[in-house]
Amino acid sequence: MNNYYLFLSFSAYALLKTFSWMKGDSSIHANNNIPRELSNRLVENRTFSGRGNFSDESTEVVSNYSEPMIPPKTTCFVSVMYTKKLKEVQSMDNMIHVNYTSPFTSPYFKFFMFTNWNDDQWKTPGWTKITTEHNYARPAHNARYGKFLGWKYDQIREGCDAVFFLDLNVQLEANQSAWMEMSETISLTEPGLMQFELQQNRSGIMDALVAIKKQRKDYGRNIQSSIDWFNAQPDFENDIPIYMNQVFGYNPKSPTYQKLSQEFWDQYSKEGYSSRDQPLWAFMVHRYHVTPLAFPATSREKVWTIAKPPPPKKVTIEFTKEVPSQYSGPTPPKTSCFLTASYSNSVKSMDHMININNTSPHFKFFLFTNWNDDQWETPGWTKITTKHNYTRSITHSRYGKFMGWKYDQIREGCDAVYYMDANIMLHAKQSTWMEMAATISSTEPGLMQFKHNQGRNGISDEFRMIQRKRKDYPENVQRSLTWVRAQPDFEDHIPIYMNQ
């Protein structure tokens, strides 16, 4: 009998504790809504490198997971990758390799990748692809859809208790049990959203937009349109928290998060505004009186870090691999100018330029770009820094490619110009280039090109290839094809030339 009463007492105590824990009556910090047990048990230990390895020299957010969860919550990591060209897809070296050596060994972890590339085109071991094709004009919109609205897909909404979005260059530092506890908090606590506030010194939305413009992360007109839109909102307040969107957690079943993200998307997806999501996200969080849960760590470095890309390989032009030639041209030789162009919104995404060494004084190297020497060093290249008003970066680079002759440095200082893509290696020796320069400068039409050596059957076939390889938007391809075919002297089956 005593044992019977003892059993009843223990059962009642266990039920009371479990109910109290689920309601959060005594375990919620007033300042950040994080269970005290989770915050107190976060200690420093080892780090996950993001490639399936532990390192005892670094630190990790660790938690001894022991809450009465049967079964544990399912944690889903979601990332996105949309590009026009397959070669632009981010290297797997910067992604978490989810395989048998990964510390995320629990079956309660899943990894999803929103992308426009299938498995035959891009291998992502351990990641389940959700392949989508949106009709948004800007690649950023395609990527942000999966980032904020992944909950709209059954695989995410039905199969995940908590979702952590992460950029592809993120390395996860917290261990399995810490992520499990964060998932438990997110799935049971409204608003079902967990984020870090931005640690940089930003004074509200307008300061964030100024930083975007200063760092050239968006076009000035888009930023100005966003500023005008914010100022027109009756509930706009500038001095509000800005949140880090590299990594954030959310409950895909939360009505609060679903409404918040949908309202955000309805404005964000409109053309003509900034494609940077932090200012608008901060505004919507404030508008709908949402206070995100705080990550249970003093700094985001204890939860995740940013992977550093490998250093670029250094390549040098020295004209060492020779194409036989006996130069017997004019004296002095003609001046050969090599020209390339590289424009970008970020220095980090610029091409790695070839260093110039051991060349004749009759060779010059020019680079058309929007970055000056203080921002981007290119040894041996003379920069022609330009700022055009074209919307697309590619149009900026093509101007220097085809219209470089309009600049005095080129027209007056060069007898022949060789345009080259930034990744081109020159194999012919100096005397060969001198001979070709003499030919180009003295012979009309003053143009030297290779015909395309791939099996292309005229202009229409070239446009079909461009669309098939996703090198441009279908509507742009169709518009160009319509224009070409409307020309009175149009002929389809003509040679296609190499423009590298």
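Predicted model: local features only at pLDDT ≥ 70, side-chain atom pairs only at ≥ 80, totals over all residues.
Which residues lie nearest the centre of the second largest pocket? Residues are numbered from 1 along each chain as its sequence is written, and side-chain values use heavy atoms, leaving out hydrogens and water.

**View 1. The second largest pocket.** V417, Y418, Y419, M448 and Q449 lie nearest the centre, among 33 lining residues. (A pocket is an open set of points on a 1 Å grid over the protein atoms alone, where a 1.4 Å probe fits, with protein on both sides within 12 Å along at least five of seven lines; lining residues have an atom within 4 Å of a point.) Elements giving two or more residues to the lining include β18 (416-419) and α12 (430-442).

**View 2. A disulfide.** Let's look at C76 and C160, whose sulfur atoms are 2.0 Å apart (a disulfide is a pair of cysteine sulfur atoms within 2.5 Å). The link is left-handed, with -90° about the S-S bond. C76 sits in strand β5 (residues 75-81) and C160 in the loop between α4 (154-157) and β8 (162-166), 84 residues apart. (Helices are DSSP runs of H or I with at least four residues, and strands are runs of E with at least two, numbered from the N terminus.)

**View 3. Helices α13 and α14.** The axes of α13 (residues 458-468) and α14 (residues 474-485) come within 10 Å and cross at roughly 175°. (Axes are lines fitted to C-alpha atoms, for helices over the stretch in contact, and angles run from 0 to 180 degrees between N-to-C directions; contact means heavy atoms within 4.5 Å.) The two helices are therefore roughly antiparallel to each other (angles over 145 degrees).

Methods:
Parallel < 35°, antiparallel > 145°, perpendicular 65-115°, else oblique.
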